[in-house]
Amino acid sequence: MTTDSRPTGADTPPTPDGPNSPDTPTDPGTTHPAATVSYVYAISRAGSDLDAKAAHLTGLEDGPLRTVTCGELTALVSSVPAGAYSEEGMRARLEDLSELEAVARTHHAVIEAAYATTAALPMRLATVYLDDARVRSMLHERRTDFGDLLAWLDGHIELGVKVYADPHEAAAPAPDSAPTGSGRAYLQQRRAQRRQHRDAFRAAGAVAGAVPDRVSALARARVAHRPQQGELAAGPGENISNEAYLVPVERVAEFRQALAGLADDVPGVQVEVTGPWAPYSFATPPTAGAGT
């Protein structure tokens, strides 16, 4: 089992198709002539450490951060160019992966810094409002939802658990098993490789199925994401399971220990624990019946 406590290209949580925040971003490019709009990174309780933290953080476009407060809630905000962060502007950024990654990393860094000192609700990438007055209106309108969600998340972090199947590792031939010149021997070897490939994925599925049972008593909630593919799947082999768990801070070590050695005796299967993260996967209130 491997662990990773640093964000990487494969594990930077805020992405345009990631978990929804409780907000619907506004398109400033078509509804307001202002040169800048208010970009919201996170929401916390008023009177928290967010005010002091904002003075020491830099947001997108190297802009300073500030807090916008309404009642018992406060938002961590910076000003960004209206055109660049309109719906059309963000669509163009989606076509430039290097630029999109830079935006996502800055967004993530601000949220992680905020969450390090106080319970904060991560907002979705490119959550923008026309101005600070609209941010205050949003905080007022969603005060009950946000307040309940912050109370639910308080004292918890997110851990990711990924399971990988690597048939090549599972099917590694013994030194004396090189294919012979006969066609029959070749076909036998190919059939054996296909069988080992199926066995590796079945074994990985069994390991993935055992994860929730091992950690159910240590996590408050669980979310199953789509397995990662391509460049996002940085682990060995193919990612077959990609889950997030909401874990009390004081039980993180127990959580990791519960999964230690889970796949050590299973050839071709790897378990990776990532985090801790701010709770991106749990940025919407739990529905009835939801949980671990």
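These are my notebook entries on a predicted model of one protein chain.

**Entry 1. Overall content**

I began with the chain as a whole. The protein chain has 292 residues, and 44% of them count as buried. I found 8 helices and 10 strands in it. For the accessible surface I noted about 14,400 Å², with 50% of that belonging to carbon and sulfur atoms. I then looked up contacts with a separation of 6 or more, and 83% of these are between residues 24 or more positions apart.

**Entry 2. Confidence**

I checked pLDDT before going to single residues. The average over the protein chain is 80, and 73% of the residues score at least 70. Helix α8 (residues 252-259) has the highest confidence, with a mean of 97, and strand β1 (residues 2-4) the lowest, with a mean of 43. The pLDDT is below 50 over residues 2-32, yet I noted 89 contacts in the model for this stretch beyond near neighbours in sequence. At the other end I looked up residues 286-292, where pLDDT also stays under 50. That stretch has 9 contacts beyond four places in sequence.

**Entry 3. Nonpolar core**

I turned to the largest nonpolar core, which holds 73 residues. The members that touch the most others are Ile43, Leu121, Val135 and Phe255. Among the contributing elements, helix α3 (residues 97-115) gives the most to this core, namely 7 residues. I listed the partners of Val135, leaving out residues up to four places away in sequence: Ser38, Val40, Val68, Ala75, Val77 and Tyr129.

**Entry 4. Val103**

I picked Val103, which is found in helix α3. Its relative accessibility is 4%, and the cut-off for buried is under 20%, so Val103 counts as buried. Beyond four places in sequence, Val103 is in contact with Leu60, Tyr85, Arg93 and Leu125.

**Entry 5. Aromatic pairs**

I counted 4 aromatic pairs. For Tyr39 and Tyr85 the ring centres are 5.8 Å apart and the planes stand at 85 degrees, so I logged the pair as edge-to-face. I then placed the two residues: Tyr39 lies in strand β2 (residues 36-45), and Tyr85 in the loop between β4 (73-81) and α2 (87-94), so the pair ties together parts that are 46 residues apart in sequence. Buried or exposed, I asked of Tyr39? At 0% relative accessibility, Tyr39 counts as buried. Tyr85 also counts as buried, at 2% relative accessibility. Which residues form one aromatic cluster? I noted Tyr39, Tyr41 and Tyr85.

**Entry 6. Ser44**

The side chains of Ser44 and Ser48 are joined by a polar contact of 3.4 Å. Setting aside neighbours within four places in sequence, I listed the contacts of Ser44 as Leu50, Glu72, Leu73, Thr74, Thr118, Ala119, Ala120 and Leu150.

Conventions: Residues numbered from 1 in each chain as written. Heavy atoms only, no water. Core = buried A, V, L, I, M, F, W, Y, C linked by side-chain atoms within 4.5 Å. Buried < 20%, exposed > 50% of the residue type's maximum accessible area, 1.4 Å probe, protein only. Helix = DSSP H or I, 4+ residues; strand = E, 2+ residues; numbered from the N terminus. Contact = heavy atoms within 4.5 Å. Areas by Shrake-Rupley, 256 points an atom, 1.4 Å probe, with all protein chains shown as cover. Phe/Tyr/Trp six-rings, centres within 6.5 Å; stacked < 30°, edge-to-face > 60°. Polar contact = N/O pair within 3.5 Å; in protein donor to acceptor, adjacent residues only side chain to side chain. pLDDT = per-residue confidence, 0-100.
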